[in-house]
Amino acid sequence: SQANFEEDNQKQPAVGHWKTLMPSKGSKDEPETGCQDAGGVDETQSTEQLNVSRLRSSSVEIREKGSEFLKEELHKAQKELKLKDKECERLSKVREQLEQELEELTASLFEEAHKMVREANTKQAASEKQLREARGKIDMLQAEVTALKTLVITSTPSSPNRELHPQLQSPSKAVFRKGHGRNKSTSSAMVSAASQNVTPEPVSHECKEVDSILFAEFQAWKESPTLDKSCSFLDRIYREDVGPCLDFTKQELSELVRVAVEQNTLTIEPVASQTLPVVKVSAEECGGPKKCALSGLPRTCKHRIMLGDSGNYYYISPSCRARITAVCNFFTYIRYIQQGLVRQDVELMYWEVMRLRREMSLAKLGFYPSEM
């Protein structure tokens, strides 16, 4: 039986199980067969366990490597997150700073705008006020200029205007006029003449002949009228008429009077008048009702003068008043010519100037109307 088993074993390969044989009674080979079967099973189980242990070790290794990789990635991500947080914090601070600067700039711009609006409103109000005042002055000056044109244009040597020249009126109708006002616009009314014509006949009844030298000087001045006394026309009148007429005993006061007449800042007012305002209550009064401040002689003074806005009054005699008003009349007329208010022929204006020069000469010689 053992020989048969060996043959069969050589013919068929082992496939993990043994061919069942019927052992004979008393055979000693049965225990060997069982041992061989148990050894094969243990070997298979140990192989499987080895494979499982290998699989388990490889999976653990993979897990460890994966966890390390994930930890590294997590660490990198945390670092990047911290950088991002710092950047966000910096940008947030920059935004807050910009917002604060924007608010401050907006507030300052609004404040500046309100300030500019207030200044503009103030300037506009002041401009409107000045405009209203200027319009009022213009209306007043236009009315005065119209009245003066009417007076000046209608007055000629042949037919003088009696309103413009009150000395031609009867004594009962004569009205007092201020000698020389302080109005710088030279639009005050013409003052009364300092002296009267010796003869009551009109000027047109006199024989007249134009002096060629005087007329040429007046024509040259009329082309470009000026108040500069360096021109030949005014220089002659200053030397021959104005200077002698205003040459009083009190030389210092005479010079002040001449300057005030030239600047149109002289005021003459009657002593007994209660309607004229007093410039200063405590004004210094030179001379007196019985003494002339210009001549220094004892005379009955019916008028007093004030130079500019000084507030100092000086009593003057009728003769001194006539001399001052004669010079004022001359300066008033040439100012009208300079401002273009006289619309007459050159020859008529020349004869009016000659008449005013004659009045200054007569006043210098002591001739003056009794009304003064």
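A: Start with a pair of helices. Here α3 and α7 are roughly perpendicular to each other (angles under 35 degrees count as roughly parallel, over 145 as roughly antiparallel, 65 to 115 as roughly perpendicular and the rest as oblique). This is a predicted model, where local features need pLDDT of at least 70 and side-chain atom pairs count only at pLDDT 80 or more, while totals for chains, interfaces and linings use all residues. Residues are numbered from 1 along each chain as its sequence is written, and side-chain values use heavy atoms, with hydrogens and water left out.

Q: At what angle do α3 and α7 pack, and how far apart are their axes?
A: Two packed helices are described by the angle between their axes and the distance between the axes. Helix α3 (residues 212-223) and helix α7 (residues 346-365) pack at about 115°, with axes 11 Å apart. Axes are lines fitted to C-alpha atoms, for helices over the stretch in contact, and angles run from 0 to 180 degrees between N-to-C directions. Leu214, Phe215, Phe218, Gln219 and Lys222 of α3 make the contact, together with Val346, Glu347, Met349, Tyr350, Val353, Met354 and Arg357 of α7 (contact means heavy atoms within 4.5 Å).

Q: At what angle do α4 and α7 cross?
A: Helix α4 (residues 232-245) and α7 cross at roughly 30°, and their axes come within 8 Å. That makes α4 roughly parallel to α7. On the α4 side are Phe233, Arg236, Ile237, Glu240, Asp241, Val242, Pro244 and Cys245. They meet Val353, Arg357, Met360, Ser361, Ala363 and Lys364 in α7.

Q: How many helices and strands does the protein chain have?
A: It has 7 helices and 4 strands. Helices (H or I, at least four residues) and strands (E, at least two) are DSSP runs, numbered from the N terminus. The order of elements is α-α-α-α-α-β-β-β-β-α-α. Of the contacts in the chain with a separation of 6 or more, 72% join residues 24 or more positions apart.

Q: Is Trp221 buried or exposed?
A: Trp221 lies in helix α3. Trp221 is buried, with a relative accessible area of 3% (buried means under 20% relative accessible area, exposed over 50%, partly exposed in between, with a 1.4 Å probe and protein chains only). Leaving aside residues up to four places away in sequence, Trp221 touches Thr226, Cys231, Phe233, Leu234, Ile334 and Ile337. In the protein chain, 29% of the 372 residues are buried.

Q: Which residues of α5 are buried?
A: An α-helix has 3.6 residues a turn, so residues three or four places apart point the same way. In α5, the buried residues are Leu253, Ser254, Val257, Arg258, Ala260 and Val261. They cover an arc of only 165° around the axis, which puts them on the same side of α5. The arc is that of the directions from the helix axis to the C-beta atoms. Their cover includes β1 (266-270), β3 (303-307), β4 (313-316) and α6 (318-338).

Q: How many residues of α6 are buried?
A: In α6, 19 of its 21 residues are buried, and the helix is mostly covered. Gly340 follows α6, with a positive phi near 75°.

Q: What phi does Asn264 have, and where is its place?
A: Asn264 has a positive phi of about 60° although it is not a glycine. Asn264 sits in the loop between α5 and β1. Asn264 is buried, with a relative accessible area of 4%.
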